Amino acid sequence: MTTLTLTPGAVSLTDLERIFREDCAVRLDASCRPAIKEAHARIAAAAAGDAAVYGVNTGFGKLASVKIAAEDTATLQRNLILSHCCGVGPAIPRAHARLMMALKLLSLGRGASGVRLEVIDLLEAMLAKGVTPVIPAQGSVGASGDLAPLSHMAAVMMGEAEAEFGGEVMTGGAALAAAGLTPIELGPKEGLALINGTQFSTAFGLAGLFGAWAGAQSALVTSALTTDAIMGSTAPLQPEIHSLRGHRGQIEAGVAMRALLEGSVIRESHREGDTRVQDPYCIRCQPQVVGAAMDVLRQAATTLEIEANAATDNPLVLVGADLIVSGGNFHAEPVGFAADMIALAIAEIGAIAQRRIALIVDPVLSHDLPPFLTPNPGLNSGYMIAEVTTAALMSENKHLANPCVTDSTPTSANQEDHVSMAAHGARRLGQMITNLERILGVELLCATQGVEFRDPLPTSLPLQQVMAKLRAAVPPLGDDRYAAPDIEAASALITSGEIAKCSGVNMPELSA
């Protein structure tokens, strides 16, 4: 297993995506350890003192005014974790849980949380040896931290709850023992440090970001293929059009689409004498729409990269100022806004793709392609209902794209009276990405079939490579057949990123 060494406060999106997509271990750079030790020393001193310090020797939330005796601080932290293990619903995917753990490491590594190095060491060892807490998907409102899901993680560190190890689910204690690890008894503030924070929401936000960006790249490919299938114009891809507007995403989308269509004989065949003056917006405005979505995704990426590197628990140990201060960094409002932005981008990429599918199956609009792309329409329905399926998926994504961050509700006896709803705002992105991938999978099927009807005129070399990749998995559609496996196979090529990769064209990158 590869080990990534990360410096808290300076971790890139590239590193975070690698943690998400690869089964790698994570270790904090040794340079952060002195600050962690110093912050812990301040917490230890506060725990031994008489002054009330929230979360160290007091109750939590509405019970913050209750002073806890020094001999009860360990019990206080244990009770905190167990009482907060209130997550419900299915377990989140393993990749998301591991990313959440890595994000918690990065937050603790900033040296403002006051935990012992032993806490850091155990989290690192769990990632390295494959002990993954079972985290229920539901229960966080994204304020005062992702309390319920992070509590299920922390409980495993104590030997409680459930974890997956070696492909089997068992108790946390059994999983640690099987990996040769020992449960930890949490000291002052350590339970609170583990469960305060936005790491669940941020993990799902990042996963949504990575999936949405991959979808945007694939959409550039499928849109170029559809453009050639309906014998659309490449004039709207003229670089001066996009540079005159100046938006980075639009410019980059135009560059990619021009490269994808370069050398198409289909395109050259209708440059002269084409009676159509302009293509519909779903063809003509693809750089403007998907380019704008790419710009929105980059804005969300900036927020999530900052959040991934942030100290987000409470209270925070400000060593330089010699203070332990209660604040609100656990409030996931930035993550909630980012998740809503990503949702809008996913919905719009899918919406314009669906209109292209509707265009290509319609003989009135597809420039002489057969109805529903079947060689024998009437007896066969071709891609008629595949288009209907994409309409259903598009509509579902429109509903899911409604903002979550505005849906606050007071909790915890009105102590936590404004919450972000970032957790389910970020979690809903997974379903939206799956819907988008299936929309694009259907467009890939339809556009490839459409280009094949233009034979003997070939499309460009990059798009020929895309078509060959699809045809290795899905044969051309002649007479009607059981359609669902074709859609799943094409969608899998979108999900894997193979369609964008096999084109050979440099795709826009998420990072600057």
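Student: Where does Asp-322 lie?

Tutor: Asp-322 is in the loop between S8 (316-318) and strand S9 (323-325). Helices (H or I, at least four residues) and strands (E, at least two) are DSSP runs, numbered from the N terminus. This is a predicted model, in which local features need pLDDT of at least 70 and side-chain atom pairs count only at pLDDT 80 or more, while totals for chains, interfaces and linings use all residues. Residues are numbered from 1 along each chain as its sequence is written, and side-chain values use heavy atoms, with hydrogens and water left out.

Student: What phi does Asp-322 have?

Tutor: A positive one, about 55°, although Asp-322 is not a glycine.

Student: Which residue takes a positive phi in the hairpin of S6 and S7?

Tutor: Gly-166, with phi near 60°. That hairpin has 2 residues between its strands.

Student: How many bridges join S6 to S7?

Tutor: There are 4, between S6 (residues 162-165) and S7 (residues 168-171), and the two strands run antiparallel. Strands count as paired if DSSP finds at least two bridges between them. Glu-162 has Thr-171 in S7 as its bridge partner.

Student: What is the strand order of the open sheet?

Tutor: The order is S4-S6-S7, 3 strands with antiparallel pairing. S4 (132-133) and S7 are the edge strands, each pairing on one side only. S4 is joined to S6 by 2 bridges, and Thr-132 has Glu-164 in S6 as its bridge partner.

Student: Switching to helices. At what angle do H9 and H18 pack?

Tutor: H9 (residues 199-229) and H18 (residues 429-452) pack at about 15°, with their axes 9 Å apart. H9 is therefore roughly parallel to H18. Axes are lines fitted to C-alpha atoms, for helices over the stretch in contact, and angles run from 0 to 180 degrees between N-to-C directions. Under 35 degrees counts as roughly parallel, over 145 as roughly antiparallel, 65 to 115 as roughly perpendicular, and the rest as oblique.

Student: Is that crossing left-handed or right-handed? And which residue classes make the contact?

Tutor: H9 passes H18 in a left-handed crossing; left-handed means that the near helix is turned anticlockwise from the far one by less than a right angle, and right-handed means clockwise. The contact of H9 with H18 has 13 nonpolar, 10 polar and 2 charged residues. Ala, Val, Leu, Ile, Met, Phe, Trp, Tyr, Cys and Pro count as nonpolar, Asp, Glu, Lys and Arg as charged, and the others, Gly among them, as polar.

Student: What about H15 and H16?

Tutor: The axes of H15 (residues 333-360) and H16 (residues 384-400) come within 9 Å and cross at roughly 160°. H15 and H16 are therefore roughly antiparallel to each other, and their crossing is left-handed.
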